[in-house]
Amino acid sequence: MAMDQKLAIEIMLSGESIFLTGPAGSGKTFVLNQFIRQAKHEGKKVAVTATTGLAATHLGGSTIHAWSGIGIHDQLPSNFFNRLSKSRVDTIKKADILVLDEVSMLHDYRLDMINDIVKNVRENEEPFGGLQVILCGDFFQLPPVTRGDQAPAKFVFSSQSWQELNPTIVYLNEQHRQNDDGFLGILEALRSGDIRRHHAETLMARIKVELPGDEPTELHTRNIDVDKINAKRLAELAGDEISYDMQTTGSENYVESLKKSCLASDVLRLKKGALVMAIKNSPNRQYANGSLGRIKDFEEENLYPIVEFRNGKTVTMVPESWELRDGDKKRAGLTQIPLRLAWAITVHKSQGMTLDAARVDLSRAFVEGMGYVALSRVRSLNDLTLNGINNMALKVNSQALEIDKLLREQGEQASVTFAHLKKNADKRSKLRISKAPKTGWTEKIAKMRLEYPNAYRPWTTEDDSTLQEKFQQGTSIKKLSKQLGRHEGSIKIRLQKHFGEDVIS
C-alpha cells in the first residue's frame, strides 16, 4: 500500500515519532511545512530545526546545533550543562515536538548528543525527553561531512538514540517533480545501485546538448566562487545596474547566522536581461523556489524588478521576509527581493530546489550522492545538459542502499498499520485551516514611507553620491537619514558597502 502526503501528515498529527523519507521530489519539505502549520494551530510548541542553515530557512527554523546548544562540539564538555543558558534550557523544556530536517547530513554520535541533552534538560529519561520527534531526510543525498581528525561518518540510523526512539517509517512514494519516465528510471536505478549501461549511455548523450529556449543554470560540484561567475555575466550586460539593500532586525550574531542560512543577497545587483532565480515560493503560486527567469524591466515607482519567468508568467517582485526562530522566539529577520543571479549555483545550495533547466558539471563529483542530488533538481532529461560525468557521480552510499531496503519494508507496514487515519485526512481537506490574515506588503511600505519616503526604494546614482560626499564632510547618520528619507539602519548598511565594515564605530 502506497504512502501519500495526506496519510503522512495524519500519522504525524497522531503523535507518532517518525522518520519521513522518500526520493528527491517526493514532497518531504511540503509535508513538514503542512504538519508544522497544523501542529502550531493546535497549540503545540514546535521546535523547527535542520542540520544546515539553508534547510532551516525553508522551514522557518534554526539549526539543530544552535537549538540544542551543541554548536561544533563532537562530544559534550564536562561543564556543558552548567554553561547552558537559561533561555536555551527554557526553549528545550517548553517544546512539545522536535522537527529535524536533512538528517542524512548528521553524524550518528551527534544525534546521541542531542538525545542526552534533551533528556537531561527535561529531566525525563524517555527517548528525547518525551518529545515527539519528526526526523526527515534521504540517505541517498549528501552524507555527513567528516574532517581529517574525525572517525568515519555513520548515518543517524546507526545511532543508539535511533534504536531508542524506534521511529515509525513514513516513506513517501509519490513523485511531484520528475515527469519523464525515462529520467525517473535513471534516478530510481541510482537509488537502487543498479545503473546499467543504457542508463549511463542516456546520460552521456546529454553531454554538451544545447537546450531550447533560455540558457540554463550551471550547477558546480566544488566550492568554486559562483559569485564571480554571476558578477562577470552581469557586468557583460549593457544598461544601468539597480541595487537593493537587505534590511535586517535582531542582534548582530543572529542576523549573521540568518544571512549565512539564506540565499538572499546583502546587496542584490540587477540589470535588464539578467538571468535570475526565485529563492522563495510565491504566496500566490506564480513562481517557486528555483524558478528561472529574466529581468524584463523595472517598475516605475519603486524600481522593483519585473521578471519574465519560464512558466510564462511575468511578475513584479516585491521584498519578502525571512526569519530565524528559536522555539517561539524570533531571533532575527531580514527583508530582500526574493531573487538571486542564476548563471551559477552550487549543488549544495540547490538542494530542495526544482530547477527549470540546468547545466551540470559532474566530471569532478567527489562524494557519493552528489550526482543524484544534482541530477534530481530538474523535471526531465530535456531540462538537463552535462559538461561531463565521472564514475563517482553514478555512485550512492553502500550504507544507504542497505538501510533503504529496511526503510521501504517498514514504510509499507506503516501504510497498512495507519490506514485507518485516512478518514481524518478526508475530513481535514474539507475543513482547511485558513491562514491568519497578514498585513500586505503594500500597506507596510505605505506606513513606513510616512516617516522615510525612500524606504525600500533602490538607491539612485545621485543619492549614492550625495551620501558619500555628505558623510565624508562629517554629516551625522541621523541627518543623512532625514535628508535622504531612509531609515538609519539602511544608511549604515549603505555606508559599510562603500567604506567597509569598520566605517561606523
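E308 stands opposite T314 in strand β14. This pair belongs to a predicted model, in which β13 and β14 pair in the antiparallel sense over three bridges. Both strands are part of an open sheet of five strands with antiparallel pairing, ordered β14-β13-β12-β11-β17.

**The sheet as a whole**
- β14 (314-316) and β17 (339-341) are the edge strands, and each pairs on one side only.
- On average, neighbouring strands of this sheet are turned by 40° against each other, direction ignored.

**Strand β13 and its neighbours**
- On the β14 side, the hairpin has four residues between the strands, and G312 there takes a positive phi near 95°.
- On the β12 side, residues 292-298 of β12 pair with residues 305-309 of β13 in the antiparallel sense, over five bridges.
- G293 has F309 in β13 as its bridge partner, and D297 stands opposite I306 in β13.
- The hairpin of β12 and β13 has six residues between the strands, and L303 in this hairpin takes a positive phi near 60°.
- β13 is mostly covered, with four of its five residues buried.

**Nonpolar cores**
- The largest nonpolar core has 104 residues, and those with the most contacts inside it include W67, F139, L339 and L375.
- Helix α7 (residues 108-122) gives the most to this core, with six residues.
- Leaving aside residues up to four places away in sequence, W67 touches A47, R88, I92, V118 and D326, among others.
- A second, separate core has 26 residues, among them L13, I18, V99 and V170.

Notes:
Residues numbered from 1 in each chain as written. Predicted model: local features only at pLDDT ≥ 70, side-chain atom pairs only at ≥ 80, totals over all residues. Heavy atoms only, no water. Pairing = 2+ DSSP bridges. Helix = DSSP H or I, 4+ residues; strand = E, 2+ residues; numbered from the N terminus. Axes fitted to C-alpha atoms, helices over the stretch in contact; angles between N-to-C directions. Core = buried A, V, L, I, M, F, W, Y, C linked by side-chain atoms within 4.5 Å. Buried < 20%, exposed > 50% of the residue type's maximum accessible area, 1.4 Å probe, protein only. Contact = heavy atoms within 4.5 Å.
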